[in-house]
Amino acid sequence: ECQVLAFEMIGRDKKILSTLTRKDLDDLARNLDNWASVDHFSVGIYGVLWGKRVVKDSDIDQLLNSDNHWERRVAVVSTVALNLKSRGGEGDTPRTLEVCSRVADDHHDMIQKALSWALRELSKRDRESVNDFLDRYESRLAKRVIREVRHKLDFGTKECFRFLDDLWQLKSRYDDDTDDPLIQAWMRHFGMANYLFMDGHIDSLTPVEAADLAREQEHFLEFP
């Protein structure tokens, strides 16, 4: 938590950012071993300085070739800063898609989530290029990446989150004493497992169909 806080403070202070050297970046990047630290470092610091050419393309290339998945994630998430206006990004389709193409076959969970994020962020600036990328690499990309990015292109969100009021709406179509395992699971986990990815179709799904969709989307692997 202290590391994340430090990265956030540095990333929000333009004066400090402007003084960072390559050695400073190497020191800050030590012991990156969790997604929170990696993402704050990548979006707030490393990616910003990549956009300013302090970090070189060769540095990103070296990270992409690393056996350490956290280092590869730094490279991918750093593209977010290139396209994120709040971090000074002005949009950089060529470098973003070059990095994304390099990890299209990397199915480590942390890399696939980063890849989805990178493409979704770029889609705000260059929808056509992202759509073309999905078409070109569809056979190689993880299904999660394709699903999330296409949903972003179509509806403007990563997924359509359906919260507790929607679950009660669905439950209201059935008797309170229903023995449907999905409804029972919702009631037992009420407050923790209180949403599913419904892609906007909650009104047309039966509980069984909802359970199948949830499993397909890997949010619930099984219902107790």
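**Core, rings and pocket**

Modeller: The largest nonpolar core has 49 residues, and those with the most contacts inside it are L25, F41, I45, Y46, I60, L119 and L141. At least two residues each come from α1 (2-11), α4 (35-51), α5 (57-64), α6 (69-83), α7 (93-102), α8 (109-123), α9 (127-137) and α10 (143-155). Helices are DSSP runs of H or I, at least four residues, numbered from the N terminus. This is a predicted model: local features need pLDDT of at least 70, side-chain atom pairs count only at pLDDT 80 or more, and totals for chains, interfaces and linings use all residues. Residues are numbered from 1 along each chain as its sequence is written, and side-chain values use heavy atoms, with hydrogens and water left out.

Biologist: What makes a set of residues a nonpolar core?

Modeller: Buried Ala, Val, Leu, Ile, Met, Phe, Trp, Tyr and Cys residues must be joined through side-chain atoms within 4.5 Å. Buried means under 20% relative accessible area, exposed over 50%, partly exposed in between (1.4 Å probe, protein chains only). In soluble globular proteins, nonpolar side chains tend to be buried together.

Biologist: Which residues does Y46 contact, leaving aside neighbours within four places in sequence?

Modeller: Its contacts (heavy atoms within 4.5 Å) are R22, L25, F41, V55, D59, I60, L63, V74 and S78.

Biologist: Why is the pair of F41 and Y46 called tilted?

Modeller: Rings of Phe, Tyr and Trp (its six-membered ring) pair if their centres lie within 6.5 Å; planes under 30 degrees apart count as stacked, over 60 as edge-to-face and the rest as tilted. For F41 and Y46 the centres are 5.4 Å apart and the planes at 35°, so the pair is tilted. Both residues, F41 and Y46, are buried. Together with F7, F41 and Y46 form one aromatic cluster.

Biologist: Why does H69 count as partly exposed?

Modeller: H69 has 21% relative accessibility, so it counts as partly exposed. H69 lies in helix α6. Beyond four places in sequence, H69 touches H108, M110 and I111.

Biologist: How does the lining of the second largest pocket divide into nonpolar, polar and charged?

Modeller: Four residues are nonpolar, eight polar and eight charged. Asp, Glu, Lys and Arg count as charged; Ala, Val, Leu, Ile, Met, Phe, Trp, Tyr, Cys and Pro as nonpolar; the others, Gly among them, as polar.
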